[in-house]
Amino acid sequence: MKRVLISIFAVLLYVLPVSASVDIKEVKTEGGLTAWLVKDQSIPFMALEIRFRGGASLDAPGKRGAINLMTALLKEGAADMDSREYTRAVEGLAASISMGVDDDALSLSARFLTENRDEAVALLKAAIQEPRFDDDAIERVRAQVLSGIESDAKKPDELASRAMDRIAFGNHPYATSLSGTLESVAALTKEDLIQAHSSVLARDRIYIGAVGDITEEELSVLLDDLLGDLPATGAPMPPAAEVDFAGGVTVVPFETPQSVTRFAQRGIAQDHPDYFTAIVLNHVLGGGSSESRLMDEVRAKRGLTYGVYSYLANKDLGDIYVGAVSSANDRIAEAIEVIRAEWEKAASEGVTTEEVENAKTYLTGAYPLRFDGNGRIANIMVGMQLIDLPIDYIATRNDRVDAVTVEGVKRVAGELLDPDGLHFVVVGQPVGLETTPAN
Amino acid sequence: MFRLTAIAALAALFPVLAGASDEVVTTFTLDNGMDVVVVEDHRAPVVQHMLWYRAGSADEPIGSSGVAHFLEHLLFKATDTMAEGELSSTVARNGGRDNAFTSYDYTAYFQRVAADRLGLMMKMEADRMKNIRLTENNILTERDVIIEERNQRTENNPGSLFGEQMNAAQYLNHRYGVPIIGWMHEMETLDMEDALGFYDIYYSPNNAILVVSGDVTPEEVRALAEEHYGKIPANPELPVRVRTQEPPQTAERRLVYRDARVAQPYVRRTYLAPERDSGAQEQAAALVFLSEILGGGTTSFLTEELQFDQQVALFTGSFYRPVSLDDTTFNIIVAPRPDVTLQEAEDAMDAALAKFLETGVDAEQLERIKFQIRADQIYARDDVDRIANRYGQALTSGLTVEDVQAWPDILQAVTEEDIMAAARDVFDKRASVTGWLMREEVTQ
């Protein structure tokens, strides 16, 4: 129901499994599904992560918000259970079942105790395959979604993200909120929700990660039972987004003491040969930690903000390079000036050998620390599959980071960083900033 | 993504239901009085090193609100042997992450790093317990940072501003009525003397708890802790932790907070409530169940009454924070549907509470919650850092290791009668605050 931050894929890239003793098995079911499994029988439960590619971007024309509302309703009554009966049944098994949707995927996350796994899987299956979409549940959850849309219209962070998405993604579904508008959500019918369900929940777009107390054979049977009866195909994927926008400033007037800012420029694709070089570059410039140049210049040296960061935002259908900062209305102009200057400096001069080496040490050293927990590992594995990484990627990932050179970072900095193309969206009452004319 | 020195308590209002998984926990005390907790998980070569101080915002001197959190930021500056930022950059160069957080009753620092770097983390953490060296420039820039942090967390968020007013009205005499991050006008005056005064009093081994979780053994932790922390002498001047307490609360309080940035109005009610006390956790255990039964989700009593049956509310919830050194609060929130006024929502909430006191606890619901609590002891072993956090919070909030380990059994022993008795006791309007968060009035 909540929009997942678009940073999710950037984060996953940092995170992808490596040298830790993560032994992934590929499981092919009789029904033709593929899953990645890590067996860990030390604790009697399993974590299961399932993704359906396409997510909320598959909303039909004029039906914005249908997939989000449909997702929120999956647990609100299924098979012969109404909403409360369903929840009581899940609670009675101490299982956890949650659904979410973002621009690129619908997510199912579940956690089952070994002692009652079959019953818990049956409940998850009911939610996936037999949601009821009862009228009273639709109206109750629709009212909650509408309240959320009204709240988003008064949150500086949401306003900034929405404005930046419109600038970056134009007419693509990524440009608008997956929650829909007050009008579009008010008009949704039960038939629209059924249609939304069949658009997304299909077997031709499923990705699965499982970790914990289960064997290959058991998982194979479980998955065919859980997902085998879904339709073979769903809605076609949207086209790629045309990411093409000009630098400048867009002020969104909003009465609040601190201006909330997003900045962005064109990005770089994950399968681009320079991608890891760009990751190292961003780590030095604005990624990762308090060690970045932006944190040092904007926060540590000048005290202009509590936090500033940037990341490569890679969605399935469009790549941008994004950052964020917040400063009091009378200080945001200076913060933006410093960020622009750092962007220009890195573009023209690159970064130092020491910075590159420190970034590489961090990125390679942090990698194995991510694999401590069944749920976390299941998440990482399903993320790997979504971006089409090979199952043995873990063993090679740190080599790719280690291969990055200071010369390479300097070259990529010159090619990728585009100080003139950097666009700032400022929500607040910024002193000394105005919207630049469109060019 | 970047260092967020967080304010912990505001985000941690929901009760920690589970008890510890005792078999993975070892505790001991160093000669200088520093308590040590080790939580083992050998599945991945990772360790989390945390140092908790029994010093939070409620221990601050009057007039210097926010100094505990300000000092937490300043501990990332220079020491006698480390340059400014060196601790964090050393952690990063070792592939780790570090951070810190401040609450009413504690300040904690932590690093997550490869297990073989534990000694290095202890060396640096022990160094900054006694040896920070601040400049006037550090004070000025970092004070600007915490002011921007307050802007981000509070000034830009009407719900947070409302919460501050609710707390201030709830506590008549206790420092829990003052925000952890501080009041803006006092934050603006914090200086070197304020920061170092707090540091000198509270930062010593006999006021600290070391909590290490992950791929380590108790023997390794003991040897390293004795080497790095053991040589720091205890502070004999450490004051006894006594705070001004609440007088009997005898007058119901009401407030209205209006803000143009409010989209969804709601009613919030807080009641002064007992916390978990060492050796006497039973009433708090009953309140944990009360909170879950009343407002813990789709099957809870308030949801049933106000969202499903009467359909006056869009959202309902209750929360209770049992781990606290002094009196805590029991909270209820009702967000009405668009065609329902706050007065109607409040009336419906009070009617529902009265009905609950009449009808009592649904035995099946109680059993489901107890089963979930037992199951959480299995799930908790997948995340030993959570167990580590639980010990750190408890031991800085007046509880002992024995209290933490007794908690799961105390929860399982709670009866329907215990819950109803606790409900009758806590729902005393004279010790309550009722607040309305509203939009600005529309002027014609």
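Modeller: Start with strand 10 (residues 258-266) and strand 12 (residues 318-328) of chain A, which run antiparallel. Keep in mind that this is a predicted model.

Biologist: What makes strand 10 and strand 12 of chain A a pair?

Modeller: Pairing needs at least two bridges. Strand 10 and strand 12 of chain A are joined by 9 bridges, so they meet the pairing criterion. Ala264(A), for one, stands opposite Val322(A) of strand 12.

Biologist: Why are helix 10 and helix 13 of chain A called roughly perpendicular?

Modeller: Helix 10 (residues 275-285) and helix 13 (residues 353-366) of chain A pack at about 105°. The label covers 65 to 115 degrees. The angle falls inside, therefore the two helices are roughly perpendicular. Their axes are 9 Å apart.

Biologist: Which residues of helix 10 of chain A make that contact?

Modeller: Val280(A), His283(A) and Val284(A). From helix 13 of chain A come residues including Val356(A), Tyr362(A) and Leu363(A). The contact residues divide into 6 nonpolar, 1 polar and 2 charged.

Biologist: How do you know that the length of helix 6 (residues 156-169) of chain A agrees with its residue count?

Modeller: At 1.5 Å a residue, its 14 residues should span 20 Å. The end C-alpha atoms are 20 Å apart, so the two agree. Gly170(A) follows helix 6, with a positive phi near 50°.

Biologist: What covers the buried residues of helix 6 of chain A?

Modeller: The cover includes strand 9, strand 10, strand 12 and strand 13 (423-428) of chain A. Among the buried residues are Leu159(A), Met164(A) and Phe169(A). Arg162(A) and Asp165(A) are buried too.

Biologist: Why is Leu196(B) called partly exposed?

Modeller: Leu196(B) has 15 other C-beta atoms within 10 Å. Buried takes 20 or more, exposed 12 or fewer. The count lies in between, so Leu196(B) is partly exposed. This residue is found in helix 8 (residues 192-202) of chain B.

Biologist: How far apart are Leu196(B) and Ile132(B) in sequence and in space?

Modeller: They are 64 residues apart in sequence and 9.2 Å apart in space, C-alpha to C-alpha.

Methods:
Residues are numbered from 1 along each chain as its sequence is written. Chains are lettered from A and ligands numbered from 1 in the order in which they are written. This is a predicted model: local features need pLDDT of at least 70, side-chain atom pairs count only at pLDDT 80 or more; totals for chains, interfaces and linings use all residues. Helices (H or I, at least four residues) and strands (E, at least two) are DSSP runs, numbered from the N terminus. Axes are lines fitted to C-alpha atoms, for helices over the stretch in contact, and angles run from 0 to 180 degrees between N-to-C directions. Angles under 35 degrees count as roughly parallel, over 145 as roughly antiparallel, 65 to 115 as roughly perpendicular and the rest as oblique. Two residues are in contact if their C-beta atoms, placed from the backbone, lie within 7 Å. Ala, Val, Leu, Ile, Met, Phe, Trp, Tyr, Cys and Pro count as nonpolar, Asp, Glu, Lys and Arg as charged, and the others, Gly among them, as polar. The expected span of a helix is 1.5 Å times one less than its number of residues.
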